[in-house]
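Work through the exercises below with the sequence and the 3D view at hand. Each task is followed by a solution in steps.

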Amino acid sequence: MTVADTRHEDAAHKTVTVTVDEEPVSGVPQHTTPNEILRLAGIDPATHYLVRVNGRHRESFKDEGDKDITVHEREKFVSVFTGPTPTS
């Protein structure tokens, strides 16, 4: 294994801390999926989807929960509930 191979392998296993709904979630693999981020945050991907927040820009992963994405340290996300809304 070369030094470049070792660096690539280290990068493939690197974890970061992101926020989901303003709560820190640590140990998130840098190369992951939106559903995995939700699971690590303790949120059910069957009833939620993830949105990446960057200033005013929003990137929705609705119907793309298994899409491969790269995340970076301190990125911000919000979860969106997709279930029925209770009425009073």
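A residue counts as buried when its relative accessible area is under 20%, as exposed when it is over 50%, and as partly exposed in between. The model used here is a predicted one.

**Exercise 1. Decide whether Ser79 is buried or exposed, and list what surrounds it.**

Solution. 
- Step 1: Locate the residue. Ser79 belongs to strand β7, which covers residues 76–81.
- Step 2: Apply the cut-off. Ser79 has a relative accessibility of 18%, so it counts as buried.
- Step 3: List the contacts. Leaving aside residues up to four places away in sequence, Ser79 touches Asp21, Leu38, Ile43, His48 and Tyr49.
- Step 4: Look for a polar partner. The side chains of Ser79 and Asp21 make a polar contact at 2.5 Å.

**Exercise 2. Classify Val78 by its accessibility and find its contacts.**

Solution. 
- Step 1: Val78, too, lies in strand β7.
- Step 2: Its relative accessibility is 32%, and therefore Val78 counts as partly exposed.
- Step 3: Not counting residues up to four places away in sequence, Val78 touches Asp21, Tyr49, Leu50, Val51 and Val53.
- Step 4: Take Val51 from that list. Val78 and Val51 are 27 residues apart along the chain, and 5.3 Å separates their C-alpha atoms.

**Exercise 3. Describe the chain as a whole: which elements does it have, and in what order do they run?**

Solution. 
- Step 1: Count the elements. The chain has two helices and seven strands.
- Step 2: The order is α-β-β-β-α-β-β-β-β.
- Step 3: Turn to burial. Of the 88 residues in the chain, 30% are buried.
- Step 4: Residues 24 or more positions apart account for 53% of them.

**Exercise 4. Work out the strand order of the five-stranded sheet and explain why β2 and β5 are its edges.**

Solution. 
- Step 1: The sheet is open, and its five strands have the order β2-β1-β7-β4-β5 with mixed pairing.
- Step 2: β2 and β5 (57–60) each have a single partner strand, so one side of each lacks a neighbour in the sheet.
- Step 3: From one strand to the next, the twist averages 35°.

**Exercise 5. Examine how β1 and β2 are joined.**

Solution. 
- Step 1: The two strands β1 and β2 run antiparallel and are joined by five bridges.
- Step 2: Find facing residues. Thr19 stands opposite Pro24 of β2, and Thr15 stands opposite Pro29 of β2.
- Step 3: Inspect the turn. β1 and β2 form a hairpin with two residues between them, and Asp21 in this turn has a positive phi of about 55°. Asp21 is also the side-chain polar partner of Ser79 found in Exercise 1.

**Exercise 6. Which residues of the largest nonpolar core touch the most other members, and which elements supply the core?**

Solution. 
- Step 1: The largest nonpolar core has 13 residues, and those touching the most other members are Val18, Val20, Val28, Ile37, Leu50, Val71 and Phe77.
- Step 2: Two or more residues each come from β1 (15–20), β2 (23–29) and α2 (34–40).
- Step 3: β1 gives the most, with three residues.
- Step 4: Take Val28 as an example. Not counting residues up to four places away in sequence, Val28 touches Lys14, Thr15, Val16, Val18, Ile37, Leu40 and Val71.

Methods. Residues numbered from 1 in each chain as written. Predicted model: local features only at pLDDT ≥ 70, side-chain atom pairs only at ≥ 80, totals over all residues. Heavy atoms only, no water. Helix = DSSP H or I, 4+ residues; strand = E, 2+ residues; numbered from the N terminus. Buried < 20%, exposed > 50% of the residue type's maximum accessible area, 1.4 Å probe, protein only. Contact = heavy atoms within 4.5 Å. Core = buried A, V, L, I, M, F, W, Y, C linked by side-chain atoms within 4.5 Å. Polar contact = N/O pair within 3.5 Å; in protein donor to acceptor, adjacent residues only side chain to side chain. Pairing = 2+ DSSP bridges. Axes fitted to C-alpha atoms, helices over the stretch in contact; angles between N-to-C directions.
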